[in-house]
There are 2 protein chains.
Amino acid sequence: MIPDDTLPVEPWQVREPQLNLDVLAQSESLFALSNGHIGIRGNLDEGEPHGFPGTYLNSFYEVRPLPYAEAGFGYPEAGQTIVDVTNGKILRLLVDDEPFDVRYGKLISHERILDLRAGTLTRDAHWQSPVGKQVRVTSTRLVSLSQRSVVAIEYIVEAVEQFVRVTVQSELVANEDQPVTSGDPRVAAILDRPLEAVQHEDTECGALLMHKTRASALMMAAAMDHEIEVEGRYEITNDASDDLARTTVICGLRPGQRLRIVKYLAYGWSSQRSRPALRDQAAAALHSARYSGWKGLVEAQRKILDDYWDGADVEVEGDPICQQAVRFGLFHLLQASARAEGRGIASKGLTGTGYDGHVFWDTDGFVLPVLTYTLPHAAADALRWRASTLDLAKERAAQLDLKGASYPWRTIRGQECSAYWPAGTAAWHINADIAMAFERYRIVTGDETLEKDCGLEVLIETARLWHSLGHHDRHGVWHLDGVTGPDEYTAIVRDNVFTNMMAAHNLRVAADACARHSETAREMGVSSDETASWRAAADAAHIPFDEELGVHPQSEGFTTYAEWDFNEKTSYPLLLHEPYALLYPAQVVKQTDLVLAMHWQSHKFSDEQKARNVDYYERRTVRDSSLSACTQAVMCANVGHVELAHDYTYEAALVDLRDLHNNTKDGLHMASLAGAWTALVAGFGGLRDDEGILSLNPYLPDGISRLRFRLRWQDFRVTVDVIHDEVTYTLRDGPHGELTIRHAGEDIELSTTEPTTITLVKREPLLPAPQQPPGRAPLHRNSYRSVTQPS
Amino acid sequence: MIPDDTLPVEPWQVREPQLNLDVLAQSESLFALSNGHIGIRGNLDEGEPHGFPGTYLNSFYEVRPLPYAEAGFGYPEAGQTIVDVTNGKILRLLVDDEPFDVRYGKLISHERILDLRAGTLTRDAHWQSPVGKQVRVTSTRLVSLSQRSVVAIEYIVEAVEQFVRVTVQSELVANEDQPVTSGDPRVAAILDRPLEAVQHEDTECGALLMHKTRASALMMAAAMDHEIEVEGRYEITNDASDDLARTTVICGLRPGQRLRIVKYLAYGWSSQRSRPALRDQAAAALHSARYSGWKGLVEAQRKILDDYWDGADVEVEGDPICQQAVRFGLFHLLQASARAEGRGIASKGLTGTGYDGHVFWDTDGFVLPVLTYTLPHAAADALRWRASTLDLAKERAAQLDLKGASYPWRTIRGQECSAYWPAGTAAWHINADIAMAFERYRIVTGDETLEKDCGLEVLIETARLWHSLGHHDRHGVWHLDGVTGPDEYTAIVRDNVFTNMMAAHNLRVAADACARHSETAREMGVSSDETASWRAAADAAHIPFDEELGVHPQSEGFTTYAEWDFNEKTSYPLLLHEPYALLYPAQVVKQTDLVLAMHWQSHKFSDEQKARNVDYYERRTVRDSSLSACTQAVMCANVGHVELAHDYTYEAALVDLRDLHNNTKDGLHMASLAGAWTALVAGFGGLRDDEGILSLNPYLPDGISRLRFRLRWQDFRVTVDVIHDEVTYTLRDGPHGELTIRHAGEDIELSTTEPTTITLVKREPLLPAPQQPPGRAPLHRNSYRSVTQPS
């Protein structure tokens with residue numbers, strides 16, 4: 001956990017007013033900068049102390065063998081692990097002969113600010129060396145959103161009170177030492193010094209290092225260049241060796257004098273391009289950065305963010321904690337995706353090595369919905385990446401003796417890397433999650449080109465997978481057996497409602513897409529018989545319902561499983577304290593599953609079913625996954641438990657700002673950060689799109705006086721401005737003047753000419769607010785102390 | 001496969017008339033000698049060529065880490081692997097300067113005979129060296145059934161035609177080179193040179209080597225001594241070093257002269273005893289062996305076997321192949337168990353390293369039933385071993401947050417070593433299999449002491465496990481969810497019929513045992529409320545039935561799963577070609593499961609159910625396990641498909657004699673060897689005991705003209721003599737003159753005074769004989785060519 005007063009609540013920034021070494025690793029994740037192509041953790045400029053040093057290049061990974069004591073057919077043999085690459089953000093400082101290290105001497109002040117509008121991390125340190133010399137160090141970093149290969153750092157040292165001799169060592173460090181994180185010596189061995197030196201050279205004001213990985217055979221170049229400003233004389237030297245390049249600047253500073261260094265970094269990497277090509281690519285990026293200059297990069301950064309916030313901002317009046325958190329989340333979503341361009345968006349973005357840097361369904365299911373409404377080009381890029389790995393997914397399906405494509409449960413490059421098939425391969429729903437993301441993109445943006453270019457084939461091949469996985473029983477009912485839904489505490493089941501509904505959706509949208517692109521579909525070998533069989537399966541998909549209890553069992557028979565013994569077995573997360581053998585056959589839910597189905601396939605459930613299902617599953621959901629709280633917020637708001645929904649919103653929104661899962665050090669939870677937006681927009685805004693129309697149904701909790709958010713819908717931008725009694729819809733942009741949306745179940749027309757205001761009626765829940773399992777109620781929002789800054 | 005003519009069909013021996021190097025590894029398993037305490041593979045005296053050298057001591061194992069790419073709570077971290085220990089059976093021969101090696105020179109004749117009545121392996125080789133010198137080598141080996149630590153070899157070299165100088169090197173070799181069998185370098189590393197030298201010494205006519213294992217910290221001593229007989233002068237020298245001790249005998253032989261060496265070997269091992277204690281223990285065993293002498297050991301061996309055959313023999317007239325096979329099986333069962341005395345009976349006995357030398361349910365479910373009727377003291381010993389590991393099973397249950405005891409799916413010492421929980425931990429039925437074996441022992445032998453000594457506690461703790469695993473649903477029905485039955489192609493299911501019936505049986509017999517020993521049970525903390533709750537669970541256990549099809553689904557919903565695509569997916573064994581993700585939710589059965597329930601819990605099924613279930617499951621059972629054919633034989637015979645049953649009998653009986661599963665090289669399949677007896681006695685003899693009474697219902701297939709078998713029942717011996725038209729029951733021994741048995745469902749009285757003969761009625765099947773999956777019909781018995789020896 002991060003103490004409440006570590007990071008004051010401020011609307012447009014995350015500020016650490018004093019250095020807190022106890023949560024250094026967490027702050028490195030929170031303060032990570034990225035553009036989706038390159039990511040750097042918020043390590044201190046001088047490199048140490050650190051939690052984990054981290055510089056990541058999207059899809060730059062090493063391969064490692066996956067061991068099995070008892071192997072089975074089709075188990076993936078190779079894992080992929082993101083590599084901490086050449087660290088270019090190091091600027092070591094010597095004050096006279098004393099290295100600047102916050103652990104020595106006296107740190108008079110130390111402030112770091114992640115500015116969500118500037119897209120920079122700044123640091124202001126006032127330090128007195130052990131012998132009493134004082135300096136002020138101010139650094140500002142950015143990972144450029146405008147030039148995707150570029151990182152830039154402005155580093156300023158100012159002498160205070162006395163003359164000091166200042167030495168700055170600006171470095172590129174490959175194969176830096178890592179804290180030991182795995183008990184498995186084989187993992188450690190592979191990730192220890194993962195980079196093999198290929199080339200090094202020093203240039204006039206910088207250097208270049210090139211390396212490659214052993215098993216995955218990826219090559220990378222890292223290059224740096226510097227601009228130096230100082231009154232008077234300075235000396236600069238460059239040297240480079242295999243794993244270290246160093247530019248050293250020495251000068252003397254009288255009190256008030258400053259040394260300013262702008263460090264430009266460029267990275268290039270490839271599995272195919274040659275050494276000279278990569279070398280030149282990095283050099284070109286450096287030139288381009290110097291051409292723009294520090295000021296140009298900073299201005300371009302702010303402009304991109306201004307545009308982003310104009311279309312994406314969520315304003316939460318009366319609730320400064322949520323206000324900060326949702327912007328923090330949106331900022332990191334932008335960072336994770338803006339320039340990913342043909343590579344995946346990992347569940348931790350590029351902020352840490354958690355989950356080995358893998359992409360999961362988190363992206364398609366939780367991150368892309370937000371991006372589709374706020375940064376659609378990034379959603380399209382992510383979907384193009386999925387499409388680009390379709391061949392691997394088809395190979396995987398063929399290996400498993402199935403038709404179509406089977407997307408990996410976890411991967412960096414596209415190959416399945418999950419080593420536990422009951423919660424990997426069997427979680428087939430990943431395929432429908434991807435299909436849903438394609439379909440949502442098409443509906444929300446109105447952009448048909450993605451489907452035409454590549455989406456159609458993904459829809460066809462995933463539909464084929466479902467068709468070969470399921471079967472009609474002797475009564476014609478279509479079943480999916482042996483599947484694992486989102487709840488990983490129940491696996492290998494029959495007719496998981498979530499999976500069946502999502503599969504049916506996948507089959508239908510694939511059939512519809514084939515109808516839209518009948519010529520292309522025919523060329524891909526899809527006959528009308530085939531699409532008919534998809535529709536038949538979708539129509540016959542079994543959705544179990546427990547008539548006695550009036551609820552949907554999460555999967556066949558679930559509501560007759562043993563109840564979990566919440567009197568005895570409440571060490572959370574349960575998976576670290578209880579065997580799967582007990583968890584699977586009990587009515588204990590790791591994360592929303594049936595409840596998630598009610599969000600994503602909302603129109604398949606009646607209001608009463610939603611109320612009763614929420615009531616049933618709330619009592620059995622232990623939320624041992626960070627993917628759960630946002631959906632609980634959405635569905636609690638849906639059925640009228642708006643105060644409970646507000647508490648869940650906090651949990652989703654603060655997962656990293658407060659380190660609620662105690663693993664923010666390993667990287668940020670992109671899906672949960674997206675979940676803050678989802679809790680507000682889909683929860684209190686009531687956003688749904690599963691019927692192909694923009695549906696809204698806003699209703700605020702007591703603690704939020706006004707919620708205003710912006711959505712992109714086709715060529716329009718819709719602003720939704722909610723107060724307790726009414727909602728005002730404003731339509732911006734768009735080629736024509738009218739848009740039909742659905743408000744609270746009724747279709748209404750919005751016009752670009754004037755806003756539409758509608759009075760809201762009080763939402764009365766059918767049932768009283770449910771209890772959660774012991775110890776698993778969400779923290780009441782008032783328990784988070786809000787340390788706000790006087791404005 | 002072993003060609004039919006490699007081993008002629010002979011009633012009391014397995015003879016290899018010519019050395020067939022193509023099946024050398026298989027013959028090493030077939031010709032393995034063991035007493036359950038020590039096992040030696042049938043390697044050639046001179047050590048090579050070999051398939052795998054093998055000398056095994058029961059429960060002498062090394063520990064190795066079990067790796068998991070994705071670990072889970074409660075996964076066992078340490079595996080156990082049987083170790084090939086110091087090889088004492090090596091006798092190298094030099095003829096003049098030429099080493100006797102069957103691959104060089106000319107092998108004029110070579111015959112090996114495993115004598116099932118003598119309990120010896122003899123070898124007769126006539127060899128001409130590359131330079132034309134001829135010798136005759138005759139060796140006879142035994143692993144003593146009378147002196148459990150002793151192995152003895154009589155080795156005779158005779159000069160033929162010319163004078164030869166003969167050198168015999170008799171050795172003890174530790175850490176002998178192994179062929180590489182695992183692709184996993186870590187396994188290889190641990191099993192490469194697994195023995196650490198502790199001590200070596202040479203004695204007057206022999207030597208001693210002591211070693212210990214690194215991780216499991218077991219110590220062992222191997223000692224040898226020799227008696228030499230030869231006309232004229234010979235020289236003997238002894239030397240010993242860490243891993244090699246050698247006794248060298250040199251002499252000259254004129255044509256017809258013989259050098260005779262008797263080599264005595266003794267082994268001792270322990271986890272606790274000291275080095276000197278073990279050293280002396282081995283020395284004492286050697287002394288004792290020399291005291292008995294070769295002749296004494298041979299005579300004692302035959303006497304023990306005479307006694308065994310007197311009570312255990314099965315005579316199969318008209319079917320010499322079955323005749324040989326059932327005796328071969330019974331012989332190896334004796335070898336695996338006779339002197340195990342407090343240690344387990346591994347699934348391969350001590351004949352190879354297959355399955356790491358682990359004990360599985362094979363023992364309790366397939367081997368012990370045979371031993372209970374034929375060698376009850378060995379059954380009792382095996383059960384005492386299970387009882388001796390009860391504390392480990394209780395620890396395992398506690399680790400899994402369950403009550404009672406959870407026995408390991410696979411183990412050497414008692415700890416769970418299964419690294420794939422869906423087919424390990426979840427196969428909870430192992431516990432009921434053990435309970436059943438205790439209960440059968442009590443009923444069949446009438447011996448109540450085992451239950452009193454240790455069985456009661458096992459029954460109680462396994463009952464507690466079931467009670468904590470299962471639950472009553474809201475209608476009071478008792479379910480076992482998340483279990484895996486015997487069919488490992490369907491796992492983690494609800495209400496597996498086999499498991500539910502076996503669990504109910506376990507609960508009932510535990511409650512009954514507590515009633516019999518109420519005082520002791522009370523002391524163990526069992527209240528009458530607790531036993532009542534066991535009976536209530538057993539009575540309410542759900543047994544699903546598919547009314548539409550008139551068959552039992554193997555587990556809930558099984559008969560509505562997808563049918564396996566036998567047109568496309570028929571590469572057997574399927575588990576090497578198809579993912580579990582497809583196998584689990586399909587109607588494809590690896591090995592009998594529901595059909596096994598009909599054998600072991602026969603009285604729970606009507607005749608019609610049996611007929612329909614056999615018909616249903618025969619069509620879906622691919623028999624990818626060697627545990628299946630015997631049960632298919634039993635149940636096919638039961639429902640009247642006696643010719644099909646006969647074919648299955650062949651498959652069970654010949655699994656090793658013909659190497660039907662292509663893995664006899666790794667050791668013999670004890671359960672399938674037991675299955676030969678079971679197929680004949682429970683199949684064509686109709687033996688059942690699940691109602692606590694000796695039930696028989698014989699009926700012969702066309703190819704067997706007479707089947708005569710002996711059973712021990714309480715203090716009686718019952719001989720059952722079946723011909724096509726009638727059966728004659730003869731009662732031997734016993735304190736009183738009468739015994740009630742059940743014949744064909746009717747209770748009858750047998751008397752010691754005279755045999756009872758009953759006419760048999762033709763067995764008409766309700767349904768025609770079923771088809772098996774493509775490629776999985778059992779080979780017709782006539783396809784095995786019977787190379788018989790003229791008698």
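The legends below describe close-up views of a predicted two-chain model.

In this predicted model, local features need pLDDT of at least 70 and side-chain atom pairs count only at pLDDT 80 or more, while totals for chains, interfaces and linings use all residues. Residues are numbered from 1 along each chain as its sequence is written, and chains are lettered from A and ligands numbered from 1 in the order in which they are written.

**View 1. The relation between chain A and chain B.** The same surface serves both copies, since 100% of the contact residues of chain A recur in chain B. Two residues are in contact if their C-beta atoms, placed from the backbone, lie within 7 Å.

**View 2. The side of chain A that touches chain B.** Here 38 residues of chain A are in contact with 38 residues of chain B. Helix H13 (residues 580-583) of chain A gives the most to this side, with three residues. Helices (H or I, at least four residues) and strands (E, at least two) are DSSP runs, numbered from the N terminus. By class, the side of chain A that touches chain B has 22 nonpolar, nine polar and seven charged residues. In this classification Ala, Val, Leu, Ile, Met, Phe, Trp, Tyr, Cys and Pro count as nonpolar, Asp, Glu, Lys and Arg as charged, and the others, Gly among them, as polar.

View 3. Chain A is divided into domain 1 (31-309) and domain 2 (313-693 + 764-783), with bounds that come from an automatic or database domain assignment. The C-alpha centres of the two domains lie 36 Å apart. Across the boundary, 30 residues of domain 1 are in contact with 35 residues of domain 2. On the domain 1 side, strand E2 (33-34), strand E3 (38-40), strand E6 (78-82) and helix H3 (275-312) of chain A each supply at least two residues. E6(A) gives the most to that side, with five residues. The residues of the domain 1 side divide into 15 nonpolar, 13 polar and two charged.

**View 4. The three-stranded sheet E2-E3-E4 of chain A.** Three strands form an open sheet in the order E2-E3-E4, with antiparallel pairing; two strands pair if DSSP finds at least two bridges between them. The edge strands, E2 and strand E4 (55-57) of chain A, each pair on one side only. E3(A) and E4(A) run antiparallel and are joined by three bridges. A:Ile40 stands opposite A:Thr55 in E4(A).

**View 5. The hairpin of strands E14 and E15 of chain A.** Strand E14 (residues 195-203) and strand E15 (residues 206-213) of chain A pair in the antiparallel sense over eight bridges. A hairpin joins E14(A) to E15(A) through two residues. The bridge partner of A:Asp202 is A:Ala207 in E15(A).

**View 6. The five-stranded sheet of chain A and two annotated spans.** An open sheet of five strands has the order E20-E24-E25-E26-E29 in chain A, and its pairing is antiparallel. Strand E20 (314-317) and strand E29 (756-759) of chain A are the edge strands, each pairing on one side only. The twist averages 15° from one strand to the next; axes are lines fitted to C-alpha atoms, for helices over the stretch in contact, and angles run from 0 to 180 degrees between N-to-C directions. Strand E26 (residues 726-733) of chain A pairs with E29(A) in the antiparallel sense over four bridges, and A:Tyr729 has A:Thr756 in E29(A) as its bridge partner. An unreviewed UniProt entry carries the annotation "domain: Glycoside hydrolase family 65 C-terminal" for residues 687-750 of chain A; this span is 0% helix and 58% strand, with its end C-alpha atoms 16 Å apart. UniProt positions are given in the numbering used here, feature names are shortened, and annotations may be inferred rather than shown by experiment. The unreviewed entry also annotates residues 327-678 of chain A as "domain: Glycoside hydrolase family 65 central catalytic". Over residues 327-678 the chain is 51% helix and 1% strand, and the end C-alpha atoms are 12 Å apart.

**View 7. Backbone details in loops of chains A and B.** The peptide bond from B:Glu48 to B:Pro49 is cis, with omega near 0°, and B:Pro49 lies in the loop between strand E3 (38-40) and strand E4 (55-57) of chain B. In chain A, A:Asp495 has a positive phi of about 50° although it is not a glycine. A:Asp495 is placed in the loop between strand E22 (478-479) and helix H10 (497-516) of chain A.

How values were computed. Copies are superposed by least squares on the C-alpha atoms of residues with pLDDT of at least 70 in both.
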